[in-house]
Each structure stands twice: as C-alpha cells, then as structure tokens.
Amino acid sequence: MNVARRQRGFGMVGWFFVIAVAAFFLTILFKLFPVYMEHMSVAQSLKMLGEEREARSPNEIRTSLFKRLQVNNVENITRENVEIVRDNNAYVVTVAYEVRVPFARNISILVSFNDKAEVPAS
C-alpha cells in the first residue's frame with residue numbers, strides 16, 4: 001500500500017510548477033507573435049518587390065518598398081534599415097532590423113531580422 005501511495009501522480013506543487021512553466025512560455029509566445037507577423041509582412045513585401053521585372057532606380061525601389069510596408073502597417077522599419085546596393089544588372093535590397101520587446105521590468109527580448117531581394121536595375 002505504501003508503494004501505491006507514492007505513485008499517484010502530480011501533487012499540488014507539481015501542478016503549480018507545470019502551470020508556471022506553461023504561463024512563462026505562453027507569455028513569450030504572446031509577446032513575440034506580433035513581431036513575427038510584422039516580419040512576415042516585411043518578407044512578403046520584399047518578395048513581391050523582387051518578383052517585379054521592370055527596371056527601377058534605387059529611389060523608386062525604396063519608395064515602392066515603403067508604400068508596401070505602410071499598407072501592411074509595418075512600424076519597425078526606418079530608412080536606415082534599408083540598404084540598396086548595385087550588383088551587375090540588379091539591385092540587392094537588404095532590410096536588416098532589430099525589435100526589442102519588453103518582457104518584464106528590465107528584461108527585454110531582442111529579435112533580429114535580415115532579409116534580401118534582388119530587383120532589376122534601370
């Protein structure tokens with residue numbers, strides 16, 4: 001009977017621990033979900049920009065990209081995050097940015113993104 005009593009399963013302290021760990025990871029998930037959704041919009045905007053086959057200048061590329069980002073309600077991208085470099089007959093558009101998400105008091109989560117697309121040069 002003593003062995004059966006020890007093998008009953010989780011006690012109340014065990015369940016509190018499981019709930020605390022689950023709550024921790026759910027909090028992280030809820031904090032990071034909007035950041036990754038915004039990144040998906042950035043990646044999709046770059047992909048659509050790269051699929052256009054008409055030649056453009058760097059200013060036209062930048063204007064088109066920021067219009068797409070504005071339509072998708074992207075807030076974490078600034079002009080300093082976008083780099084356009086000529087490579088043979090194309091421009092390589094690089095969007096590199098970081099998002100700092102406050103987690104608890106003085107603890108933040110830092111997420112870095114770096115995406116590229118090639119656009120035909122004019």
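Are Glu-52 and Arg-68 buried or exposed? Both residues are buried, where buried means a relative accessible area under 20%, exposed means over 50%, and partly exposed lies in between (1.4 Å probe, protein chains only). The model is predicted, so local features need pLDDT of at least 70 and side-chain atom pairs count only at pLDDT 80 or more, while totals for chains, interfaces and linings use all residues. Residues are numbered from 1 along each chain as its sequence is written, and side-chain values use heavy atoms, with hydrogens and water left out.

The structure holds three salt bridges, a salt bridge being a side-chain nitrogen of Lys or Arg within 4 Å of a carboxyl oxygen of Asp or Glu. In one of them, Glu-52 is paired with Arg-68, and the closest N and O atoms are 2.1 Å apart. Glu-52 belongs to the loop between H2 and H3 whereas Arg-68 belongs to helix H3, so this pair ties together parts that are 16 residues apart in sequence. Glu-52 also forms a salt bridge with Arg-56, with 3.0 Å between the closest N and O atoms. Arg-56 is buried, its relative accessible area being 13%. A salt bridge between Arg-56 and Glu-54 has its closest N and O atoms 3.5 Å apart.

Helix H3 spans residues 58-71; helices (H or I, at least four residues) and strands (E, at least two) are DSSP runs, numbered from the N terminus. H3 has 14 residues and reaches 20 Å from its first C-alpha to its last, close to the 20 Å expected at 1.5 Å a residue, the expected span being 1.5 Å times one less than the number of residues. The buried residues of H3 are Ile-61, Arg-62, Ser-64, Leu-65, Phe-66, Arg-68 and Leu-69. An α-helix has 3.6 residues a turn, so residues three or four places apart point the same way. The cover over the buried residues of H3 includes helix H2 (12-51) and the strands E1 (82-87), E2 (90-104) and E3 (107-120). After H3 comes Asn-73, which has a positive phi, near 65°.

Strands E2 and E3 run antiparallel and are joined by 14 bridges; two strands pair if DSSP finds at least two bridges between them. Arg-100 has Leu-110 in E3 as its bridge partner. E2 and E3 form a hairpin with two residues between them, and Arg-105 in the turn has a positive phi of about 50°.

Terms used: Contact = heavy atoms within 4.5 Å.
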